[in-house]
Amino acid sequence: MPISDRIGPHLPALRRYARALTGTQSSGDAYVAAMLETILIDPSAMTETGDDKKRLFCLLSRIISSLPVSISRGMDAPLPGVANPFDLSTVPPLARQALLLATVEGFPVEVTAEILDQEIETVRRLLDATFADIAAQAETGIMIIEDEPLIALDLAHMVSGMGHRVAGIARTQNEAEALWRDSQPGLVLADVRLADGSSGIDAVNTILSRVDIPVIFITAYPERLLTGERPEPAFLVSKPFDPEQVKVLINQALLFTPQPRVAA
């Protein structure tokens, strides 16, 4: 396959990332152009095997690291679907890159570390610090719908550690609907199968029929949601879950517009 055909599908994501990183279209596009020139001079940079998207982001990261990144203050490029984007202009360049790769582009922490040529623990620390900065700008209440006490406590501890407020924990559909009415949270973490046999999906759909807020499903039964036959959740984590993945999704959910209702 020609190199151009391999690069073309990923150019929108590369430009989106570079523009969000620098804060301007012209600066971001200049970095992407420099990456393309590098490939033109040395086509071997695009080997025939492996993940083309990851390879292109690795090349772009090398270009960015070799040139000073000037971030425009007060001119942040809005992230896709964000009505009131967070101010990222004060976030150091490397931390900003990690944030955008993990949330906007959806790379796992391990791949983000590979793209940035950093240790995984270094990237985790950068993300934790940046997530705390975001939480300081827009602290929100997060409601937990979970019938397993230890998991609920783990999630509550994680939410508090990120700088957000735990709006409460519900174990059943009725408790969840009552808790939402009383607490008016900004985000919901929801299990699917609840203590009394009721449905977390039904609880979420009742809430979403009244207000648009982001929801992250954390479930041992992902097949009940990923049917391919009806609307599916934008944010889904399978149990047992990786806490780092949940942290990234919480911030991704807060950065993006709410998901549509999920059919039960």
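Author: Begin with how helices are named. Helices are DSSP runs of at least four residues, numbered from the N terminus. Keep in mind that this is a predicted model.

Reader: How do I check the length of H8?

Author: Count 1.5 Å a residue. H8 covers residues 149–161, which is 13 residues, so it should span 18 Å. Its end C-alpha atoms are 18 Å apart, in agreement.

Reader: Which residues of H8 are buried?

Author: Buried means under 20% relative accessible area. In H8 that holds for Ile151, Ala152, Leu155, Ala156, Met158 and Val159. Look down the axis: these buried residues fall within an arc of 160 degrees, so they line one face of H8. The face turned away from that side carries exposed residues, namely Pro149, Leu150, Leu153, His157 and Gly161.

Reader: How many residues of H5 are buried?

Author: The count is 8 of 10, so H5 is largely enclosed by the rest of the structure. Arg96 and Gln97 are among the buried residues.

Reader: At what angle do H5 and H7 pack?

Author: The angle is about 85 degrees, and the axes lie 9 Å apart. Angles of 65 to 115 degrees count as roughly perpendicular, so H5 is roughly perpendicular to H7. Leu94, Ala98 and Leu99 are among the H5 residues in the contact, and H7 brings residues including Leu127, Thr130 and Phe131.

Reader: What classes of residue make up the contact of H5 with H7?

Author: There are 10 nonpolar residues, 1 polar and no charged ones.

Notes. Residues numbered from 1 in each chain as written. Predicted model: local features only at pLDDT ≥ 70, side-chain atom pairs only at ≥ 80, totals over all residues. Heavy atoms only, no water. Helix = DSSP H or I, 4+ residues; strand = E, 2+ residues; numbered from the N terminus. Expected span 1.5 Å × (residues − 1). Buried < 20%, exposed > 50% of the residue type's maximum accessible area, 1.4 Å probe, protein only. Arc of directions from axis to C-beta. Axes fitted to C-alpha atoms, helices over the stretch in contact; angles between N-to-C directions. Parallel < 35°, antiparallel > 145°, perpendicular 65-115°, else oblique. Contact = heavy atoms within 4.5 Å. Nonpolar A, V, L, I, M, F, W, Y, C, P; charged D, E, K, R; others polar.
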